[in-house]
Structure formats: structure tokens, C-alpha cells
Amino acid sequence: MKVALAGKPNSGKSSLFNQLTGLNQKTGNFPGVTVDKKTGICQLNGDTQAEIIDLPGIYSLYPRSLDEKIVAEIFSDRRNQHFPNKVILVADATNLQSSLLLLTQLIDLRIPTVLVLNMVDLAAKSGQSVDVIKFAQSLDLPVVLVNARSGQGIQSLKKTLAGTIPVSSQKIYPIDKEILPAVEDIKKHFSLESNYEAYQYLQQVDHLTFLSKEEKSYINETALQYGFFKGKYQGAETIIRYQYIQDLLSKVILKNADSEWKRFSYRIDKVLTHKIWGYLIFFTILFLIFQSIFAWAQAPMDFIDSTFANLSNLLNNTFPEGPFFDLITQGIIPGIGGILIFVPQIAILFAFIAVLEETGYMSRVVFLMDKIMRKFGMSGKSVVPLISGWACAIPAIMATRTIENWKDRLITIFVTPLMSCSARLPVYAILVALIIPDDKLFGFFNFQGIALMGLYLLGFLAAILSALAMKWLVKSKDRSYLIMEMPTYRMPNWSNVGVTIVSKTKTFVFEAGKVILAISIVLWVLASYGPTEQMNAAESVIDKQIENNQQEAADRENLIMAYRLEHSYAGIIGKALEPAIAPLGYDWKIGIALITSFAAREVFVGTIATIYSVGNTEDQTTIKSRLRAEINPETGGPRFTKATGLSLLVFYTFAMQCMSTLAIVKRETNGWKWPMMQLAYMTALAYFSALIVYQVFS
Amino acid sequence: MADLAKSVAQMIPGETAVIAGFTNEELSNKLLEMGLLPGSVVTYNFKAPLGDPICVTVSGYDLTLRLDEAAMISILN
């Protein structure tokens, strides 16, 4: 049996879904779009199971956003794989009027529905009193009282679902006489269940993707023939439905709520949306989130890192030699480690975001920031993802799902990777220390610190300006608007927070993980294999050099690794790249580092250590002194001049050197188009900015 | 009469009015669906520190609107 959860946003649908399914749930996308599809199994009683689907929150069947279109499609198409046998309409008991609009449409579609009055605890607190029996009789459908947060009423809901639910006999919207012939024609032609279904076909013919071209043209011809104009009746329909709802509520509400219970919430709002305190508190919270991702994620990330390194070493020593075992120990295992390393950051960011959403504070963030963000083509909801990009772009991009408007969301996704993430820090640290003197300005400000801050600022400016450019370039049919409910403040429901963390982590590991693993294996092959002759010659060449006293015997291992990398496919590509990157002040060695760090930026440091045969990547001082000693054969001076260093810093600030980000953008935009454009844009931006910087400073 | 028509965007905090209608066809359906019905009471609560958006109460719940949207809701008071 299929059961769908429907209702308006903020009606507590997700809490109810979590109560019904527990952790027994799957998150995916609806086919062809990036709209969350949450499904789960619920054991109704000893022998009945229900497959529950949590539909996006909507007010009515007339869609404006992508999310809303999905719901309209499902309810208007009985052949749809998600068409439910029964619907749970979740209503916010403190706000019944606008919760019931969708219900009246479901009744007219003749779909068996249970009405759940959720948040009964708050309704009671507000002083509202409802005659539930009369409610159920008037609507001719079961009505169940639930507190989805505490779980009260869930058992009786399950019992109701397990029984038979007849279609309500109510007919709420009488279709206008002048269009009845058209509606009856369509109903007969498509053999539909209800007049309202036929009416929806006529109204929404352009949105309903399940209709074939022939079917659509039949509907359009019928509309023309009978003089049916789309949209003409929609306003009147809504008003008639609300009249029905108001009549109903005046009969079943015994005592109205007073606004007293909201007073506490208003008092909090006085502070949290205050022109000084509001922003101060908001930026403190942002800072806290940012710090936590940085600080708390470090220990588990180090743990994952070392565990996988140890595992790889252990297996390397136990397995026999051979390319197949190398693939496992050096390609696949580090690849999986490279995916799991992001889990702590994802978990921490989504814990915060879930709390912000649950308490109702997120709506206030939008309220505070909307005007500023709108100037840059984004929405108030873009702030949290954007700032989180300073820690890691991956959870940040996953967090853009809360942005309803597709264009706002796309721009936020597109510019977030320009924010300097924590993986850039090791690269910055090495290069800044190399080229910026460790002196103090006015004996107070450290030059290296100023340079580092400058890089963060540079990334931020690039993000903001790119957003501004995209605002003009990206065309959107949908008018941008903000009409959003301001929920009253509540304590977060911790089990909802937990479920969010688990489902976001699972999504990343299993969906983006596939792409990341594939690319990391390709990169590993490129860096480990090369033309057989030269790769095999590594040991003998180095041994000869040691014999002739050109090299120290103590460095043998490191020298062989450097030789192998130089002659691997990555090395060959790096050398081929040299003419293109020479104007930026780079040689082929840096070219190799650019290629390998496509997997992840921080790999730059490791590759540089290998290629300069330093060996130990932990010891930054060694790497720095080795880099400082490197001579540019053309000039006879040092390789890493100020110009080359600055050019590299700018390159790493702008370049999309992170396949995990590309993988998650692919998932969030549902295709390769946007990640590829992002890669092209950021690479071009990095290349030309680095070019200018090098040419100016050299 | 046209110059006397007032919209929600011109209200001041604490003011209460009755919704008369909408001046934008496209958005009126959305506003209707959210319970902003002609004849119902709207109360202006407060505005964002930067002046936009605003928070109003209508049919028992709080709603955030941008001034652009608020300007499309004409009122009587």
C-alpha cells in the first residue's frame, strides 16, 4: 500500500514522516529533477506495511516551483508510480485555514484521505478548541489528532491507515456551468475518476509532463472548442474553497485561539530581528558554525585519514605485489578514504542547519539578509551555504536545497566554491610562508596574516561579483518573490536533527561518492603508471646517479619516487602543459601538482613533496627550504619568486580543484552541464588572473 | 479614486487594514492560496532592519513579504 504525506510547508510533515518510518527511510531525487524524494516503510500493524512518501510542502495543486509541479503531477495522474492509495493530509492545528486548501482539492480529486491535525500541543496552548467528531462528519473523512514531535496520536493514525478509508462524499468546488461540457468531454476521453481531475487537465495542460503530445493537443483543442480559458477560474476557485473552509471552521471551532501564546515569540523577534542585535547575533552564530566545522571536524578527519593510510599500508604489506593489489591498496582504499574524510564536516554543518530550521530561526535569517542578498542575485537563504563554503563547499552546496527559487539556488551553487575552503589552507600556508616575509607592519600586524586574510577576501569578492554577473546572464521565467510563513519559535526536535544528519551523510557517500571514487582511481593510475620502459628504468638511473656521486645514497627511495612521478602519465601531461603554464611562471613540476591536485587541492603539498623528493610531507619546514633552494635554470635565480608564488596563490584561490565539489554539483543540478560550466569558468578565471599577477610582478 | 488606493507596503507597524484586492494578476493566485483573501484583516507587525521585507499577520498566522509583493495588495482602512 502506498501512502503519501501532503500538506503545506511548516506543517510538521517531516516530523510525522520520521515518526512513521524511523531510520527506515531513503532519500533520493524524483526522476529528472533535484527535488528531494523521501520514502520509507511503516509497519501499520502485525501484517500490514505501508510505503510512505513524503511529498514537498505545498499550499495548493497549482504549481509555481519545481517542488510544487511534482506534487501536482502525482495527484493528477493515476498511472504515476507514486500515485498513493491513501493520503495523509497534515494540517497545522494552529493555522487551520490555509492548511485545508489542499485538502479540499484532494477531496474533489476523489482520493481517500486522512486529515491529521498536527501540533495539537501548540493549539491547546493557544486556547483553541475544536470539535473533532463534527470535523470528521462534516468533511466525511477520518480526522486524527497528532503531536508529531512527541509521537502522541501516531498509533491511532496507524490504526486508521490500516483500515479502509472511503472517498469523501463532499463536493466542494462546483465546476462552472459554462465549462462543464469541456470538463465532461475530457473526463470521458481520458476515462477519469472525477470532474476535478478533468478540470486540472484543462487548467494545467502545459505543466503535466505525463501527457503525450497528442493528448495535449486534444486537450488544447477541446479547450478552444468550448471556450475554456486557462487561469480564468483559478482565483474564483480559491475563493470558493476558502468560503467552504471558513464555513466549516466556524462550525467546528468551539473556541478561537488568542494571540497571547505568540507573545513570547514576538518578544524574541524584537531582539533577533533588531537592527543591531539581530545582525550581531546572526554573525555570531555564523562564526560559531564556521569555527565548529573547522575545529570539531579536525580530529575525526585526522582519524579517518590515518585509519585509511594504515589500512592501505597494512594491506600493502600483506598482499602480494601486482597491479591488481596496487589498485586496491593505493587506488581504491585511499579513494574511499577521500570520500569519508568529508563526513565530519557534512555532519556538523547539517546539525547546525537542522537546528536553525527546526527552531524557526532560518526564516529570520532570510528576513534579515534578503535585501542584501537579492542585490547579488541570491536569496536570504543563500547566506548560510555561502559562509559555510569557507569551511567546505560540499556540505555548503548540499545546503542550498532549502532555496526554493531555482535561479537563486543555481547562482548560490555556482559561486560557493570560490569561497576559500579549508582545503586551500595547507596550500596557502606553504606558499605564503615561502614568499611573504615574517615581519610585522607597525610592529603589530603580521604580513603573512594580512596576506592570508587578503586571499580569503579575494575569494569572497570573486564569489559576490560572479553572482552579480550571473544575475544578469541567467534568464529565468519564474518571477522571484518571497512570500514565506514566519513560524513561531520552538525548541528543536533532536531526533529530526539526527535524521537530517544521517540522511545527508548517506546521500553524499553513496551518490556523490561514486563519481569521486572513479575520478580518484583515474588520477591514481595517471600518477602511478607511465610508459613501461622509463618506469622500470627508475631504479637503475638513480643508482647510476648515486654511483657517480651526483646524488646522495640516503635519498635513494625519494629520488626513485620523484623519477617515477616525472615519467608517469601525469608527468607527461605536466610536461606537455608547460608551454601553456609558463606565462604564469610555472614549470612542468608545478604542472604535475596542478594535475594531481584536481582530485583535491591539498594534494598539491604532497605532490610537491614527492616531485622535489622531500619524502616526508608532514615536515613543512623541509618542504619550504627545499622549495626555496629550487633554481630556475633559465634565470639562474630561485624558482619560487614572489611573482610565481603570488600567481600560484591566486590560481588556487580561483581554480575548481576539487572533484568532490563537481560530483555534488552534478547531483544537485541533475546533470553535467553546470559542473562543467563551473569548471570551465573557474579554470579560466584562475588562469587569466594568475597570468596577470605573474606578468605584473615579474 | 485611484490616487487614494493604498497598499500593504504603505502601512506602518501596528496598523490594521482590510484587504481590498490585488493589482497583479500573476501573483494574486499565490497570495489568495496563502490565505490573503479580499475582506480579511491584515496587520503590519514589523519590517526588517533594512526596510525590506516586512512581516504581517493575516488569518491568524505570520507572513513575510517583500515590499514588491506588499505593494500589490491594495487595502481599505
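Author: The model is a predicted one. Let us begin with the contact between the chains, to which chain B gives 27 residues and chain A gives 30 residues.

Reader: Which elements give two or more residues to the side of chain B that touches chain A?

Author: They are helix α1 (25–33) and strand β5 (61–65) of chain B. The largest share of this side of chain B comes from α1(B), with 8 residues.

Reader: How many nonpolar, polar and charged residues has the side of chain B that touches chain A?

Author: Sorted by class, this side of chain B holds 14 nonpolar, 6 polar and 7 charged residues.

Reader: In what sense do strand β12 of chain A and β5(B) pair?

Author: The pairing of β12 (residues 483–485) of chain A with β5(B) is antiparallel and runs over 3 bridges. Within β5(B), B:Leu65 is the residue that stands opposite A:Ile483.

Reader: Let us turn to chain B by itself. How many helices and strands does the secondary structure of chain B have?

Author: Chain B has 2 helices and 6 strands. Read from the N terminus, its elements follow the order β-β-α-β-β-β-α-β.

Reader: What does the radius of gyration say about chain B?

Author: One sets the value beside that of a compact globule: for 77 residues this would be near 11 Å, and chain B, at 11 Å, agrees with it. Along the principal axes, the C-alpha atoms of chain B fill a box of roughly 30 × 30 × 20 Å. Of its 77 residues, 40% count as buried.

Reader: Among contacts in chain B between residues at least 6 apart in sequence, what share joins residues at least 24 apart?

Author: The share is 55%.

Reader: Finally, how does one describe two packed helices?

Author: One gives the angle between their axes and the distance between the axes. In chain A, the axes of helix α1 (residues 13–21) and helix α22 (residues 494–528) come within 10 Å and cross at roughly 80 degrees. Angles of 65 to 115 degrees count as roughly perpendicular, so α1(A) is roughly perpendicular to α22(A).

Reader: Which residues make the contact of α1(A) and α22(A)?

Author: From α1(A) come A:Ser14, A:Ser15 and A:Asn18, and from α22(A) come A:Ser495, A:Asn496 and A:Val499. By class, this contact of α1(A) with α22(A) has 5 polar residues, 1 nonpolar residue and no charged residues.

How values were computed: Residues are numbered from 1 along each chain as its sequence is written. Chains are lettered from A and ligands numbered from 1 in the order in which they are written. This is a predicted model: local features need pLDDT of at least 70, side-chain atom pairs count only at pLDDT 80 or more; totals for chains, interfaces and linings use all residues. Axes are lines fitted to C-alpha atoms, for helices over the stretch in contact, and angles run from 0 to 180 degrees between N-to-C directions. Helices (H or I, at least four residues) and strands (E, at least two) are DSSP runs, numbered from the N terminus. Angles under 35 degrees count as roughly parallel, over 145 as roughly antiparallel, 65 to 115 as roughly perpendicular and the rest as oblique. Two residues are in contact if their C-beta atoms, placed from the backbone, lie within 7 Å. Ala, Val, Leu, Ile, Met, Phe, Trp, Tyr, Cys and Pro count as nonpolar, Asp, Glu, Lys and Arg as charged, and the others, Gly among them, as polar. Two strands pair if DSSP finds at least two bridges between them. The radius of gyration is taken over C-alpha atoms; the globule rule is 2.2 Å times the number of residues to the power 0.38. A residue is buried if 20 or more other C-beta atoms lie within 10 Å of its own, exposed if 12 or fewer, and partly exposed in between; C-beta atoms are placed from the backbone.
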